[in-house]
Amino acid sequence: MSAPRTRAVYLDHAATTSMRPAALAALTAGLARTGNPSSLHTAGRAARRTVEEAREQIAAALGARPSEVVWTAGGTEADNLAVKGLFWARRTQDPSRRRVVVSAVEHHAVLDPAFWLAEHAGAELALLPVDGEGRVELDALRAELEEHGDAVALVSVMWANNEVGTLQPLEEVVGLAHRYGVPVHADAVQAVGQVPVDLRASGVDALTVSGHKVGGPGATGALLARRGLDLTPVLHGGGQERGVRSGTLDPALLAAFAAAVDEAVVTREEHAARVGTLRDDLVRRVLQAVPGATLRGPADATHRLPGNAHLTFAGCEGDSLLYLLDAAGVEASTGSACQAGVPRPSHVLLAMGVGEDDARGALRFSFGATSTADDVDAVVDVLPGAVERARAAGLSMAVGA
Amino acid sequence: MRVLAAMSGGVDSAVAAARAVDAGHDVVGVHMALSRTPAQERTGSRGCCSIEDASDARRAADVLGIPYYVWDMSERFEATVVADFLSEYAAGRTPNPCVRCNEHVKFAALLDKAVALGFDAVCTGHYARVVEGVDGARELHRAADAAKDQSYVLAVMGPERLARALFPLGDVASKAEVRAEAVARGLSVAAKPDSYDICFVADGDTQGFLRRALGEQPGDIVDEDGAVVGTHDGAYAYTVGQRRGLSLGRPAPDGRPRYVLAVEPVRRRVVVGPAEHLDVAHVRGDAAVWFGTVPPAGASCTVQVRAHGADVPARVLAADAGSVTVDVADGGVRGVAPGQSLVLYDGTRVLGQATVAATRTAADLAGAASDGPA
């Protein structure tokens, strides 16, 4: 095993990424200021101005109007507001609209609210299947809408998958759903800064963005909700954000969040080309160097996020690989969240038809602003040995003598 | 050395890991997830397995500045320890799940995986000492603190696996010393209560756990002549030597208390009788594991036949690689339950261990009526 590197090779930018200098500057400049944006005095007005400028900045970057931005404390809250808020609002208007249609590969921040609604609020859940590359089956959506069009409250299909990077056919999803008057929510947390994301151009009715995924501060996010879209609040309180999302706003955080989104969008093309080249290089070399390695997600790189590489290694446990890479100074991810502290095979891979054993040996490498060609070299250097070791350690499932 | 510290979330394993770090080892903390559906918080005196315990282990690793991982051992644990626990009770024996966990999970699956991943040793918070013998072979000894000694449940691992085990708490004078050390090190688990119960029995209600898993199997409680003196809902709920909870309708003719002498699940019978019929003369054990050479017939030693049981004088009657029979007639041993471990000691040194298969009582030897085994 190689000695630990002096600088860790960080290839987990899809989990979180370093803060952009512009965001850091906005954040630190704002932290020392006092003022509640809801207050009417001078300090309050200054704070309000910062919040509104941030709102305008983020709206402009993502093809929305300022009034369409609802601040939240992160992507998860925005997803919850979209799924629950749309369901409740639609059901209130028309009690027969109880079906929640989501893709089987959604992030848990969408899946779990949908399951929760089915369990506790009388929703009927329809999970849309995906193909072997993780792309939503449009025929299944068409069939769902043909059969239950009048009963569907909302459709939620993510812009790009967080594990395997698959870009979803949102244009077609929106076209189908709107034919039946059904609003579409898209979780674009991973997409912003990597592919063009534009609320108006996409036709999507509600869109989730997150701060820390694009080089902004943690605990910031927004739901971009098309004008006129009825959302029942999830958080009740002081009536901020036109009553849709109560809670005191933090000008410093929001200014930093908006600065990060703005920069991510402005630099997107150049960034995507750069990380796409690194990613392609990594995939090509790993497939060559490691027997039993399989690329998951779209084979055609134009159908996936440029910064995403997702591979499985037959006969390996993902957390063994993670440990071995970490010990060698390479930080990656299995791609899926732990459930109750116990690593489980990814629901995304299982939905794609990957077998449970293969799904256990998953690694996601995700590139970001700080990634370099040296990072790729480091992975190619340590991964073959790590896979060999992990394979010897086997799958903890196996119960032998 | 590269050391994997098994961290349950308790104070012992946290301090053991800390000592391994102090000894200059390259330590990585691993919490074994043993349940697919862990509870949020620990309940009663269970020592692991809840998400709270996993978080405690993580915090301890943070404080020690070592990497920390959760490894899923739940299927292995279920398939070996829990399944064995149920099948042993169903067969009328009394298993020790901690022994089985050490045999199949901690010093087997975990150790194997650790070695495959490049670790040299597994460190745990067990109270036992590893001593280098005159010939360089590593010996397993009782802990310095006899009250906390756990060599009884560790002996099953055998000498090869012992060579890769690290027990940094073997020399401590008392648990109080460990707690004080945890406080001094800033470990938040310092005041966490000790665990006693079986970790996978959620509420500590072993009888309820068995009843839910094995179902009701009603039958008779009989005396040594076969006369019915009561009924039961499942022979598996009884353990040889047990006195309480028999709820016998008919008192013994002599009015003396009666004890469980035998559990016969196939006939759904529980046999009861007077205390002196529990006086064990010979104990035979199978699945023997030896540290060093097999002791010769006639060798004197001491034995322990249950966790927290006394160390009693014994003599080896016969022993080979796979089994052992000892004479404990002078030890005052009562009610040895098949399924428990029989551990042989020379002073503090573990000679070997076996799983109790059968016993003969003094009464058996005297030719009293009984289908005595051995």
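Modeller: Angles between axes over 145 degrees count as roughly antiparallel. The model is a predicted one. In chain B, the axes of helix 3 (residues 74-90) and helix 4 (residues 97-116) cross at roughly 160 degrees, so helix 3 of chain B and helix 4 of chain B are roughly antiparallel to each other. Their axes come within 9 Å, and the crossing is right-handed. On the helix 3 side of chain B, the contact is made by Arg76(B), Phe77(B), Thr80(B), Val81(B), Asp84(B) and Phe85(B). These meet Pro97(B), Arg100(B), Cys101(B), His104(B), Val105(B) and Ala109(B) in helix 4 of chain B. By class, the residues of this contact divide into 7 nonpolar, 2 polar and 3 charged.

As for the context, chain B is divided into domain 1 (2-191), domain 2 (216-274) and domain 3 (279-371). The C-alpha centres of domain 1 and domain 2 of chain B are 38 Å apart. Between them, 5 residues of domain 1 of chain B are in contact with 6 residues of domain 2 of chain B. The side of domain 1 of chain B that touches domain 2 of chain B has 3 nonpolar, 2 polar and no charged residues.

One further position is Val294(B), in the loop between strand 12 (280-290) and strand 13 (300-304) of chain B. Val294(B) counts as partly exposed because it has 16 C-beta neighbours inside 10 Å. Beyond its neighbours within four places in sequence, Val294(B) is in contact with Ala319(B), Asp320(B) and Ala321(B). The C-alpha atoms of Val294(B) and Leu351(B) are separated by 8.1 Å, with the two residues 57 apart along the chain.

Note on methods
Residues are numbered from 1 along each chain as its sequence is written. Chains are lettered from A and ligands numbered from 1 in the order in which they are written. This is a predicted model: local features need pLDDT of at least 70, side-chain atom pairs count only at pLDDT 80 or more; totals for chains, interfaces and linings use all residues. Helices (H or I, at least four residues) and strands (E, at least two) are DSSP runs, numbered from the N terminus. A residue is buried if 20 or more other C-beta atoms lie within 10 Å of its own, exposed if 12 or fewer, and partly exposed in between; C-beta atoms are placed from the backbone. Two residues are in contact if their C-beta atoms, placed from the backbone, lie within 7 Å. Axes are lines fitted to C-alpha atoms, for helices over the stretch in contact, and angles run from 0 to 180 degrees between N-to-C directions. Angles under 35 degrees count as roughly parallel, over 145 as roughly antiparallel, 65 to 115 as roughly perpendicular and the rest as oblique. A crossing is left-handed if the near helix is turned anticlockwise from the far one by less than a right angle, and right-handed if clockwise. Ala, Val, Leu, Ile, Met, Phe, Trp, Tyr, Cys and Pro count as nonpolar, Asp, Glu, Lys and Arg as charged, and the others, Gly among them, as polar. Domain bounds come from an automatic or database domain assignment.
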